[in-house]
Amino acid sequence: MEYAGKKLGLMLSTGPEHRNLETVVGLSEAALDRGAQVYLYLIDDGVAAVDDPRVQTLGERGARLFVCAFGCQKRGLPLSERATNCWDAAANRRPADARRRPPQEQDLHAEGPASATLAVLGRP
């Protein structure tokens, strides 16, 4: 069965050492093989998987990769250029023109849990 035009969104909240990453990669590969659009959101401990070769291969195959900037900041990890950086929905209270720029240090301190709805910024 073909899935052209269908979308699959996945969130990974566990680190790259956890078997959940293999599950996410397998589901993503199967969806991409069948023509679906894949959106992978790395949150909480999952932000550490952004540089994992398996995740980057998904991006090379057309999956859209997102990493939680708040999760990176809380874990002392740099913001990644290998995925779109997202932050907490509380950041949406800023003026519209502020949302057009890359995340700044003050953006990483928005109120609310890292697992709140994410505002996708940056690349389409």
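Predicted model: local features only at pLDDT ≥ 70, side-chain atom pairs only at ≥ 80, totals over all residues.

Modeller: A salt bridge here is a side-chain nitrogen of Lys or Arg within 4 Å of a carboxyl oxygen of Asp or Glu. Residues are numbered from 1 along each chain as its sequence is written, and side-chain values use heavy atoms, leaving out hydrogens and water.

The search of the whole structure finds five salt bridges. One of them pairs R54 with E22, whose closest N and O atoms are 2.5 Å apart. Because R54 belongs to helix α2 (residues 53-60) and E22 to helix α1, this pair ties together parts 32 residues apart in sequence; helices are DSSP runs of H or I with at least four residues, strands runs of E with at least two, numbered from the N terminus. R54 is partly exposed at 30% relative accessibility, as the class lies between buried (under 20% relative accessible area) and exposed (over 50%), with a 1.4 Å probe and protein chains only. E22, at 45%, is also partly exposed. Together with D52, E22 and R54 are linked in a network of salt bridges.

A further salt bridge joins the side chains of R61 and D33 (2.4 Å, N to O). R61 lies in the loop between α2 and β3 (64-68) and D33 in helix α1, so parts 28 residues apart in sequence are tied together. R61 is partly exposed at 38%, whereas D33 counts as exposed at 52%.
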